[in-house]
Amino acid sequence: MRQATAPIIKPLPDHLFRVHGNSAEMRWEAMAGLGYHTPNDRFFVRNHTSTPLIDVTTWRLQVHGPGVRRPREFTYDELRAMPSRTYDVALECAGNGRRFYRTQQHDGAPGTQWGLGGIGVARWRGVPLKQLLEEVGVLPEAVDVLAIGLDAPFEEHGHVRRPLPIDKAMDDVLVAYEMNGVPLPPDHGFPVRLVVPGWVGIASIKWLGELEVSTVPLFTPWNTVFYPDVTTQPVKSAFELAWNARVPLSGTRTLRGRSWSGQGRIVRVEVSMDGGLTWRVAEHHGHHLAKAWLPWHVEWTPRHTGTRLLMARATDETGATQPLTRPRHPFGYHFDAVVRHPVHVVLD
Ligand SMILES: Nc1nc2c(c(=O)[nH]1)N[C@H]1C(S)=C(S)[C@@H](COP(=O)(O)O)O[C@H]1N2
Ligand SMILES: [Mo]
């Protein structure tokens, strides 16, 4: 395996990304007016170390452990020859929105200071993990499936790896090799990654090399030291607008955004253009997929110049609504509070 010179291989132009060390956040204005999916060239990247360059001719996926009857390895061609499924699914970092603990609540958490751009929706194609596990004779005693990445070890913790409970593994998880109609780009896990719908991004291990099926609960730094007890993602919303966007005073403008939740469909989105004094229900448009996001819009005719705080608050089918503040979280995960997005209404 070779190592590239930069931690991320794809171009990270300043108008599409904000770079945070080895990771890069999508700027939400990069989604403005686009279709349902996040194009690969603007999908966020979260790397613990650096994107590895993997030679697919020698790469193998090892599936083994006490929880399977017939351990074996799969080549890339073997996986691609198996029956495939296609899922439209969001991938979101657990730390998405962490910055707002500091900027809105004055109680920051250490770690990458993501705004809301640590999310994207792609069309993933691959083999259902259930099918792969059945192929190797998964036992009824199986408890966890440990997914191990082939990227360089992270500090003193070894390879990035996280156990996935067998119930989720046998439900809707994909062993993906395609993203938006093309082979996975190197930064997103080429040749193969997991895609774990509704769960924090760390569950979706990239550059997959091994799946170890256990008959006892497994522990790695990624479910103890980092990301303990985090599975599904809460409700969030974002405007497809630059931070501090300039909005001309004259005329009516369509403000667009998207809302999502790891627990299910979004059923309602309300928007405030006056910092939360009054709220209006937004119109939905386009697809409405439970494991991805809901695009919406509202019309807005600003009446005077100056700075305005735009707010969007969504509710999902479980009844969970975005609160105005979120209690402190030691790792800065799960920031689901309404984000106050500043725009400047200017004379045109
Ligand atoms: N092997 C490996 N898998 C990984 C990571 C990593 O650093 N190494 N980062 C995880 C985290 S924290 C997130 S949020 C997602 C990000 O996926 P993306 O870079 O394709 O957007 O990948 C996850 N899978
Ligand atoms: Mo993440």
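Guide: By residue class, the largest cavity of this predicted model has a lining of 11 nonpolar, 5 polar and 4 charged residues. That lining comprises 20 residues, and those nearest the centre of the cavity are Arg 46, Arg 193, Gly 201, Ser 204 and Lys 206. The volume of the largest cavity is about 260 Å³. In total the structure contains 3 cavities of 30 Å³ or more.

The second largest cavity has a volume of about 50 Å³. Its lining has 7 nonpolar residues, 2 polar ones and no charged ones. The residues in question are Leu 116, Ser 237, Ala 238, Phe 239, Trp 243, Met 311, Ala 312, Val 339 and His 341. Two or more of these lining residues come from each of strand S15 (236–239) and strand S22 (306–316). S15 gives the largest share, with 3 residues.

S15 also belongs to an open sheet of 4 strands, ordered S15-S17-S21-S20, with antiparallel pairing. In general, the strands of a sheet pair through backbone hydrogen bonds, in either a parallel or an antiparallel sense. S15 is one edge strand of this sheet and strand S20 (283–284) is the other, each pairing on one side only. The neighbour of S20 is strand S21 (residues 294–300), and the two pair in the antiparallel sense over 2 bridges.

An unreviewed UniProt entry lists residues 250–324 as "domain: Moybdenum cofactor oxidoreductase dimerisation".

Some loops have backbone geometry to note. The loop between strand S14 (208–214) and S15 contains Asp 229. Asp 229 is not a glycine, yet its phi is positive, near 55°. With a relative accessible area of 78%, Asp 229 counts as exposed, because the cut-off for that term is over 50%. Glu 155 also has a positive phi, about 45°, without being a glycine. Glu 155 sits in the loop between strand S9 (144–149) and strand S10 (161–165), and is exposed at a relative accessible area of 58%.

The remaining loop lies between strand S12 (182–183) and strand S13 (193–195), and contains Pro 191. Phe 190 and Pro 191 are joined by a cis peptide bond, with omega about 5°. Arg 193, already named among the residues nearest the centre of the largest cavity, falls within the range of S13 (193–195).

Note on methods
Residues are numbered from 1 along each chain as its sequence is written. Chains are lettered from A and ligands numbered from 1 in the order in which they are written. This is a predicted model: local features need pLDDT of at least 70, side-chain atom pairs count only at pLDDT 80 or more; totals for chains, interfaces and linings use all residues. Side-chain values use heavy atoms; hydrogens and water are left out. UniProt positions are given in the numbering used here, feature names are shortened, and annotations may be inferred rather than shown by experiment. On a 1 Å grid over the protein atoms alone, a cavity is a set of points where a 1.4 Å probe fits but cannot get out, and a pocket is an open set with protein on both sides within 12 Å along at least five of seven lines; lining residues have an atom within 4 Å of a point. Grid points are joined across faces, edges and corners, and a volume is the space filled by probe spheres set on the points. Ala, Val, Leu, Ile, Met, Phe, Trp, Tyr, Cys and Pro count as nonpolar, Asp, Glu, Lys and Arg as charged, and the others, Gly among them, as polar. Two strands pair if DSSP finds at least two bridges between them. Buried means under 20% relative accessible area, exposed over 50%, partly exposed in between (1.4 Å probe, protein chains only).
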